[in-house]
Amino acid sequence: MKETLNQLIELQEIDCRLYEINELKGDLPEKVLDQENELNVYKNENETKDARVQEIEHTSRKHNAEVEDFNVKLTKYKDQLYLVTSNKEYDALNTEIDSMKKAISESETIILTEEEEKNTLNEAIKSNSNKIETVTLTLEEDKSELKTALSKTQAEEKKLIKNRTGLVKGIDSRYLSTYERLMGARDGAGMVSMTKSACGSCYTKLPPQMIIEVKENSKIISCPSCSIFLFWDGIEE
Ligand SMILES: [Zn+2]
């Protein structure tokens, strides 16, 4: 029991320092991740929009060629009107002319609608590109800031993690899993020192008998209020 207690005391020291190191990084890792996600959203949007612009340009070329072709035919039919010899022929030609005019008008409507869509897309692409530029700049700044913050503590953090991995291997798994659960429920570690005869986590005043036992540092005691493991760091109030 005493050995487990000492191991847990050592573990909470490591975890508290790891927590401090993480605090030093602040919200930078999260910010960097958010910005990277944001960039991806804009880039993906632009890819989709770009593809649609290409598609419109392709169909627009097709429709323009069609209109040109229809106009050639229309002129031809109109010329033929002067050469007809019967009413029947005249009516037949006029029907052709009307259908050509309709086809031209339809194609031109599609060209215009798609042209409008293309303009809207290009505006959105431009706006996204501006956002990409701005976010890229802040991302670069935050990344370099994070790198500086990390470089100061990186070696220490690595060492702490290595020590922690070694330490937990030897800890009684029942206590370790409770410790990890307690740690996950709050910031820092799964064990705290008693301070001013109270729990160092929830500040509940401890019963006199418990205070004596915690001060002995010979067994694992849980806070009656928040269940966190208690020890005593030896600092008298
Ligand atoms: Zn407590």
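Trainee: In which loop does Asn217 lie?
Mentor: Asn217 lies in the loop between α5 and β2. Please keep in mind that this is a predicted model.

Trainee: What about Ser197, where is that?
Mentor: Ser197 is located in the loop between β1 and α5, the helix of residues 208-216. Ser197 has a positive phi of about 60° and is not a glycine. With 14 other C-beta atoms within 10 Å, Ser197 is partly exposed.

Trainee: Let me step back. How many helices and strands are there?
Mentor: The protein has five helices and three strands. Along the sequence they follow the pattern α-α-α-α-β-α-β-β.

Trainee: In what order do the strands sit in the sheet?
Mentor: The order is β1-β3-β2, in an open sheet with mixed pairing. The strands β1 (191-193) and β2 (221-222) each have a single partner strand and stand at the edges, so one side of each has no neighbour in the sheet.

Trainee: How do β1 and β3 run, parallel or antiparallel?
Mentor: They run parallel, and three bridges join β1 to β3, which covers residues 229-231. Within this pair, Ser193 of the chain stands opposite Phe231 in β3.

Trainee: What holds paired strands together in general?
Mentor: Strands of a sheet pair through backbone hydrogen bonds.

Trainee: Now the core. Which residues have the most contacts inside the largest nonpolar core?
Mentor: They are Met191, Cys199, Ile228, Phe229 and Leu230, in a core of 17 residues. The elements giving two or more residues to this core are α1, α4, β1 and β3. The largest share, three residues, comes from β3.

Trainee: What is Cys199 in contact with, apart from its close sequence neighbours?
Mentor: Leaving aside neighbours within four places in sequence, the contacts of Cys199 include Val192, Met194, Cys223, Cys226, Ile228 and Leu230.

Trainee: You mentioned α1. How many residues does that helix have?
Mentor: Helix α1, residues 2-25, has 24 residues. From its first C-alpha to its last it reaches 35 Å, close to the 34 Å expected at 1.5 Å a residue. Just after α1 comes Gly26, with a positive phi of about 60°.

Trainee: Which residues of α1 are buried?
Mentor: The buried residues are Leu8, Leu11, Gln12 and Asp15. Their cover includes α3 (87-169), α4 (173-184), β1 and β3.

Trainee: What is the radius of gyration of the whole protein?
Mentor: The protein has a radius of gyration of 38 Å, whereas a compact globule of 237 residues would have one near 18 Å. The C-alpha trace spans about 125 × 35 × 30 Å along its principal axes. Buried residues make up 11% of the 237 residues.

Trainee: How far apart in space are Asn44 and Asn6?
Mentor: Their C-alpha atoms are 53 Å apart, and the two residues are 38 residues apart in sequence. Asn44 is found in helix α2, residues 28-80. Asn44 has 11 other C-beta atoms within 10 Å, so this residue is exposed.

Trainee: And what separates the C-alpha atoms of Asp172 and Met1?
Mentor: The separation is 9.2 Å, although the two residues are 171 residues apart along the chain. Asp172 is in the loop between α3 and α4. Asp172 has 15 C-beta neighbours inside 10 Å and therefore counts as partly exposed.

Definitions and conventions: Residues are numbered from 1 along each chain as its sequence is written. This is a predicted model: local features need pLDDT of at least 70, side-chain atom pairs count only at pLDDT 80 or more; totals for chains, interfaces and linings use all residues. Two strands pair if DSSP finds at least two bridges between them. Helices (H or I, at least four residues) and strands (E, at least two) are DSSP runs, numbered from the N terminus. A residue is buried if 20 or more other C-beta atoms lie within 10 Å of its own, exposed if 12 or fewer, and partly exposed in between; C-beta atoms are placed from the backbone. The expected span of a helix is 1.5 Å times one less than its number of residues. Two residues are in contact if their C-beta atoms, placed from the backbone, lie within 7 Å. The radius of gyration is taken over C-alpha atoms; the globule rule is 2.2 Å times the number of residues to the power 0.38. A nonpolar core is a set of buried Ala, Val, Leu, Ile, Met, Phe, Trp, Tyr and Cys residues joined through C-beta atoms within 7 Å.
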